[in-house]
Amino acid sequence: MLRDYLKIIRWPNLVVIVLVQILMYECVLKAILSRYNQVPALNWLDMMYLIIATVFIAAGGYLVNDYFDMKIDEINKPITRVVGKSILRKDVMFLYKIVTAIGLVAGFILSYRVRSITCATYFVFLVGLLWFFSSSYKRMVVVGNLMCGAIMALVPFFIALFNNQMLDVKYNPTPELFFIKNEVYSYLGSFSIYTFLWMFIIDIVNDFISLRGDREMECHTFPVVLGERNTKIIVGILLVVLNCVIAYLLYSDSYLKDEGATWRYFVCGSLIPSLSMFYFLAKSKTVPDYMVLKRYMTIVFLIGFAFSFWIRSVIGYKLIG
């Protein structure tokens, strides 16, 4: 029974969210602020509230997604589905209310600590977004995929948002503070853009996996509306756009663009894997094929976040030098 509950909250995805936020805090945020001999305005207690809020609200999002997808899962996953089989649908909704409430309370406490009612509304907005995404928007072509990317992009962006809000609480406005906040938004915003594009692509690939059930339930996803061939072309174009955006973000950074290892990391960790995805994309025909492609894309996506270690190393080295 416990394994089933862990399955429907997608515990590996929640672990990834925690690791991403820790990496953004320890490797990126601290490195940026070290340029100005500063430390993060968010302390580790604040970070714990943020991680709890993000993880529990995300878990609620996965629960409500399975709650609304029960009929689709009966078609796509008749054997492995959990909701309506080993766990009652009403129990899923009850658990959703609990974990979402915990996430909101943690978010409200953090918002109080940064003295911002607006920040509190962000968590309420996120809960509402996840609910409407699962209940209706995910069944709309483009809209659902864009929303999935936007929701996941908030994971790194929240670090910048709440750190900068805490800076306003602790310090009086100065030109230096303005530049520091812009720098934080620039770096963590870049990771948010990276997350948005990858999640947009991966969610489209996920539509291939659920194609049969989506057709039966008249969901308007890319493969249903445009067909598999045209959707594959769109995924290929998006992979090209993704790598162009990554290259631009790296080139626009004065600290990273002159480092040879930066471009080697880009070529080996993004460009070559993306090129190989064209082959896998063309060859994919069945649900298992698309599941393998989705896992491959997820691994490459995570490799991009490991680049945060290099950011910390480069900035630290140049400051010492």
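This is a predicted model: local features need pLDDT of at least 70, side-chain atom pairs count only at pLDDT 80 or more; totals for chains, interfaces and linings use all residues.
Local features were assigned at pLDDT of at least 70 and side-chain atom pairs at pLDDT 80 or more, whereas totals for chains, interfaces and linings use all residues. Residues are numbered from 1 along each chain as its sequence is written, and side-chain values use heavy atoms, with hydrogens and water left out.

Five salt bridges are present in the structure, each defined as a side-chain nitrogen of Lys or Arg within 4 Å of a carboxyl oxygen of Asp or Glu. One of them joins Glu183 to Arg35, with an N to O distance of 1.9 Å. Because Glu183 belongs to helix α8 and Arg35 to the loop between α2 and α3, the pair ties together parts that are 148 residues apart in sequence. Helices are DSSP runs (H or I, at least four residues) numbered from the N terminus. Glu183 is buried at a relative accessible area of 18%, and Arg35 is buried at 16%; buried denotes under 20%, exposed over 50% and partly exposed the range in between (1.4 Å probe, protein chains only).

A salt bridge also links Asp66 and Arg10 (2.9 Å, N to O). Asp66 lies in helix α3 (residues 44-68) and Arg10 in the loop between α1 and α2, so parts 56 residues apart in sequence are tied together. Asp66 is buried, at 8% relative accessibility, while Arg10 is partly exposed at 21%. Within helix α2, Lys30 and Glu26 are four residues apart, about one turn of the helix, and their closest N and O atoms are 3.1 Å apart in a salt bridge.

Leu2, Leu6, Trp11, Val15 and Leu19 make a nonpolar surface patch of about 500 Å². Such patches comprise residues with over 30% relative accessible area and no salt bridge, nonpolar side chains (Val, Leu, Ile, Met, Phe, Trp, Tyr) being joined within 5 Å. Helix α2 (11-34) contributes at least two residues, as does α1 (2-8), and the largest contribution, three residues, is that of α2. Trp11, in helix α2, is partly exposed at 47%.

The second largest pocket holds about 410 Å³ of space. Of its 22 lining residues, Phe191, Ile246, Leu249, Leu250 and Phe307 are the closest to the centre. On a 1 Å grid over the protein atoms alone, a pocket is an open set of points where a 1.4 Å probe fits, with protein on both sides within 12 Å along at least five of seven lines; lining residues have an atom within 4 Å of a point. Helix α8 supplies the largest share of the lining, six residues.

Key:
Patches are made of residues with over 30% relative accessible area and no salt bridge: like charges are joined within 9 Å, nonpolar side chains (Val, Leu, Ile, Met, Phe, Trp, Tyr) within 5 Å. Accessible areas come from the Shrake-Rupley method with a 1.4 Å probe; for residues, only the protein chains shown count as cover. Grid points are joined across faces, edges and corners, and a volume is the space filled by probe spheres set on the points.
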